[in-house]
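Hello,

Here is the structure for you to look over. My notes follow it.

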Amino acid sequence: MTQLKEITSLDEWKSALEGSSQRQLVVFKHSTTCPVSANAFTEFSNYLKNNEASSANTDFILVKVIESRPVSNQIAEDTAVKHESPQIILIKDKAKYWTASHWSITEAHMNAVMN
């Protein structure tokens with residue numbers, strides 16, 4: 001399965017965002033108390049498991065929005081994407097390329113955009 005890294009600090013976020021100059025970055029914002037988010041996380045995990053080869057030039061990060069609220073807020077500010085959870089944001093060259101939230105986060109939707 002493709003590596004997913006949870007980030008919890010603003011320094012980790014800044015480093016990940018800087019890295020999007022060389023590699024695309026996928027941010028998954030997850031609420032650990034929401035059943036819709038749990039479903040979206042399952043879809044996201046299935047995408048990671050089934051697309052390892054096509055994800056070689058992509059970094060994947062997880063932000064738990066309740067536990068890491070300052071990081072979540074900074075992502076919203078830096079990407080100009082209004083916070084929602086669950087939410088997925090594809091970043092290229094430090095800018096938002098695509099985003100989806102709630103029931104729009106499906107393995108099929110991710111395949112259509114990222115492959």
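Is the crossing of H1 and H3 left-handed or right-handed? The crossing is right-handed, meaning that the near helix is turned clockwise from the far one by less than a right angle.

First, the basis. This is a predicted model, where local features need pLDDT of at least 70, side-chain atom pairs count only at pLDDT 80 or more, and totals for chains, interfaces and linings use all residues. Residues are numbered from 1 along each chain as its sequence is written, and side-chain values use heavy atoms, with hydrogens and water left out.

**H1 and H3**

Helices are DSSP runs of H or I, at least four residues, and strands are runs of E, at least two, numbered from the N terminus. The H1 and H3 axes (lines fitted to C-alpha atoms over the stretch in contact, with angles from 0 to 180 degrees between N-to-C directions) come within 9 Å and cross at roughly 30°. Contact means heavy atoms within 4.5 Å. H1 contributes Leu10, Trp13, Lys14 and Leu17. H3 contributes Pro70, Val71, Gln74, Ile75, Asp78 and Thr79.

**Buried side of H3**

H3 spans residues 69-79. Its buried residues (under 20% relative accessible area, 1.4 Å probe, protein chains only) are Val71, Ser72, Gln74, Ile75, Ala76 and Thr79. They pack against H1, E2, E3, E4 and E5. Ala80 follows H3, with a positive phi near 60°.

**Met114**

Leaving out residues up to four places away in sequence, Met114 touches Val26, Tyr47, Ile88, Leu90 and Trp98.

Best wishes

Definitions and conventions: Buried < 20%, exposed > 50% of the residue type's maximum accessible area, 1.4 Å probe, protein only.
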